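Biologist: Please show me the model, and then I will ask about its parts one at a time.

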Amino acid sequence: MQYISIHNNQSIALKDIPEHLYPAFMKTNIELLNDNPARHCVNYFGYRDADGIRLICCIADDDLHQIMVSSAVISSGTDLASLTAQNHHFEKFEREIHENFGILYSDHPWLKPVRYAHNRTDKKEKIENYPFYQAESEELHEVGVGPIHAGVIEPGHFRFICNGEQIMHLEIQLGYQHRGIEQLFLQKKKLPERTTLAENIAGDTTVGHTTAFVNLWESLCGYEPDQFLKFSRTLALELERIAIHTGDLSAICADIAYQLGNAVYGRLRTPIINFMQEWGGNRLSKGLIRAGKINYPFSDDLAARLNAVLDAYEPDFTEMSEKLFKLPSALSRMEKTGVVSYEQVCGIGTVGMAARMSGLNRDIRLSHPHDLYGSFIVHSPVIKHHGDVYSRAQIRREEILQSIGYVRKLTAELPEFKKPENFTFLPGKELFVLSLVEGWRGEICHCAVTDQKGDLIVYKIKDPSHHNWMALAQAVRNNEISDFPICNKSFNLSYCGHDL
Amino acid sequence: MLDNIKILWHQGKQFIPDVTNAKAPGIFRGRPVITKEKADETALVEICPTHAIAGNPVRIDLGKCTFCGECAIQFPNKISFTTDYKLSTNERERLVIAEGDENPILVNPARVRKEIYRLFGHSFKLRQVSAGGDGSCEWELNAANNVQFDMSRFGIDFVASPRHADGIVITGPITANMAQALEICYQAVPDPKIIILAGTDAISGGIFADSPALDRSFLSKYQIDLYIPGNPVHPLTFINGVLSLVRKQK
């Protein structure tokens with residue numbers, strides 16, 4: 001057997017993952033991906049065990065609704081051929097393995113540090129000495145932006161190589177946000193601590209990441225969540241999507257200097273996040289999603305309130321969107337700006353909106369359903385084809401309306417709330433589990449491995465931004481540097497989700 | 001043109017007229033109150049993910065609290081969260097709420113540097129530095145200047161350059177990788193200057209407090225002028241906090 005096929009949130013015995021010699025492992029995973037856009041790498045990581053460094057690679061097949069997992073053992077300090085040389089899905093994963101374990105890939109085209117993690121092998125490497133790509137030319141100049149940006153956002157460095165106003169190349173250097181989250185998951189043993197960590201992976205995706213964590217944890221501990229918990233998570237995910245997409249449309253308007261759109265979408269976000277505060281006491285849903293329980297059960301009163309909020313939201317949203325998406329001065333800034341082609345997104349392995357903008361049908365809600373997706377909600381992804389700012393804005397507009405439909409359907413009849421019995425969450429021994437969630441930004445993947453005592457020995461997080469930052473770097477090529485902000489905003493990627 | 005006016009008209013009045021007395025909607029978790037009732041203190045201390053609760057007598061440190069509300073769910077007779085969003089102070093020790101303490105949290109005017117009211121009372125420009133912040137506090141600081149909260153009405157703004165700023169607002173637990181950038185940014189702000197810590201992560205490190213990836217040495221070098229708790233900081237908490245620092249309270 002070359003690999004083991006599992007479905008989303010399925011725990012399997014670690015020993016059931018087929019182990020190969022590295023060349024066979026490479027061949028298996030490259031062949032799985034060959035010319036099949038329905039497949040992509042959702043996670044690839046290494047960890048130290050008694051045998052050396054164990055690599056685990058997870059390839060998802062969106063048509064078969066399966067994830068194919070295989071492994072290999074290598075020793076540290078070895079030179080290996082890279083998977084990236086044959087398929088770019090592995091680019092950042094292998095850089096991470098290189099940074100954390102000192103593996104030297106002989107033919108990796110871009111073997112640079114990823115985030116200057118505190119547990120990196122080479123402590124002499126410092127973030128201020130990042131080796132930027134340089135072009136020796138009298139014609140070209142460089143523009144450096146960050147780590148601190150003009151606005152109130154997270155830090156990261158962008159290095160442009162420009163010919164006049166035109167961007168030839170953009171290199172995105174991250175790592176400033178590195179807080180050592182994956183290590184803290186192992187260091188902190190209590191469930192409330194780990195849940196709080198999950199909530200802080202990326203603050204704008206609190207529901208997405210916490211849902212990935214609790215689904216994973218419940219699977220690892222053999223707990224089956226009831227309908228009410230699944231309902232709560234699905235509802236919160238859709239509300240988070242509505243809120244952030246609305247805020248993103250506001251930000252896109254700000255970057256094309258369209259004041260009306262900026263103000264209207266900006267204020268329309270408020271009733272949604274204020275509703276999250278009415279439901280769970282926090283505008284960003286912190287404290288809401290918990291393993292095996294919910295501290296703030298959704299009620300019929302809240303359902304009525306929410307529907308009233310949406311009744312007021314919808315006409316104003318529709319009116320504003322009809323205006324924006326017909327406005328020539330707005331369209332001229334959004335259309336054909338920041339284009340990423342279908343071939344490019346397939347090559348990078350982008351996820352979420354950054355895949356659907358270019359005609360790649362990739363949405364976990366359809367392909368690897370969790371919670372109430374695939375049963376109560378049969379999702380059909382919003383797909384666009386131009387891969388430009390306009391496509392990304394259109395996806396948001398349509399997904400908001402789609403999510404409102406889902407929320408109305410979910411809240412039409414609430415599942416019965418039962419106070420959960422006291423369940424002791426003890427993870428099984430020597431297990432591997434993988435959890436996929438479609439957050440508003442795209443696919444979130446959490447993986448965990450336990451040892452013979454049931455202790456966590458690996459907690460691996462992949463935010464959708466992991467792949468999608470590369471799509472942004474490609475999008476801005478040949479655009480004017482003045483269009484960088486709108487390109488950036490139309491992706492709205494996470495720095496902390498990447499840096500961990 | 002007419003469409004634009006129609007859209008504007010349909011928005012109605014959005015701004016909050018009085019942000020110093022507005023009510024936070026729903027079950028907002030603000031300043032906690034601890035009763036003197038007997039409770040299993042060991043269990044209570046144990047459930048807090050960030051060690052914000054101490055026993056004998058019970059107290060909560062809002063500089064460490066993530067406001068998840070777990071303690072109030074498990075010990076409803078002992079701890080409850082009020083909707084009071086005025087949580088800011090210039091004294092770190094005031095963030096520790098003791099049993100029976102129901103007093104508002106205030107800025108101690110005696111410890112505000114004397115030039116602050118005169119220089120910054122009517123115009124206060126801030127440079128924000130996210131140093132490992134998860135994006136949520138940054139989000140709420142942006143919201144503080146949207147059409148509803150409209151912080152600019154008080155002359156308080158975020159500016160792009162530290163050269164134009166009167167102080168910095170730090171969010172996040174301060175990662176080692178951001179320590180140098182933070183220091184450079186602070187040095188670029190002209191004197192006299194202010195340091196504000198916004199959010200639990202900035203004040204104590206929050207859930208990341210014992211992470212080896214942090215470098216919080218900046219905080220021991222300089223005086224902190226204002227602590228604004230929250231996870232994330234609510235826009236009302238932020239605006240009222242800053243106002244209570246730069247304007248003399250009547």
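Modeller: One term comes ahead of the questions: a residue is buried if 20 or more other C-beta atoms lie within 10 Å of its own, exposed if 12 or fewer, and partly exposed in between, with C-beta atoms placed from the backbone. This is a predicted model, in which local features need pLDDT of at least 70, side-chain atom pairs count only at pLDDT 80 or more, and totals for chains, interfaces and linings use all residues. Residues are numbered from 1 along each chain as its sequence is written, and chains are lettered from A and ligands numbered from 1 in the order in which they are written.

Biologist: Does B:Pro57 count as buried or exposed?

Modeller: B:Pro57 lies in the loop between strand E2 (53–54) and strand E3 (59–61) of chain B; strands (E, at least two residues) and helices (H or I, at least four) are DSSP runs numbered from the N terminus. B:Pro57 has 11 C-beta neighbours inside 10 Å, so the residue counts as exposed.

Biologist: Which residues does B:Pro57 touch, not counting those up to four places away in sequence?

Modeller: Contact requires C-beta atoms, placed from the backbone, within 7 Å. By that rule the residues touched are B:Ala98 and B:Glu99.

Biologist: Which residue stands opposite B:Arg59 in E5(B)?

Modeller: Strands pair if DSSP finds at least two bridges between them. An open sheet of three strands has the order E2-E3-E5 in chain B, with antiparallel pairing. E2 and strand E5 (96–98) stand at the edges with a single partner strand each, so one side of each has no neighbour in the sheet. E3(B) and E5(B) are joined by three bridges, and opposite B:Arg59 stands B:Ala98.

Biologist: Why is strand E9 (residues 194–198) of chain B largely enclosed by the rest of the structure?

Modeller: E9(B) pairs in the parallel sense with strand E8 (residues 167–171) over four bridges. Three bridges also join E9(B) to strand E10 (residues 226–228), again parallel. E9(B) is largely enclosed because, of its five residues, the number buried is four.

Biologist: Which element gives the most to the side of chain A that touches chain B?

Modeller: In this interface 47 residues of chain A are in contact with 52 residues of chain B. Helix H4 (191–199), helix H7 (259–280) and helix H8 (300–324) of chain A each give two or more residues. With nine residues, the element that gives the most is H7(A).

Key. Contact = placed C-beta atoms within 7 Å.
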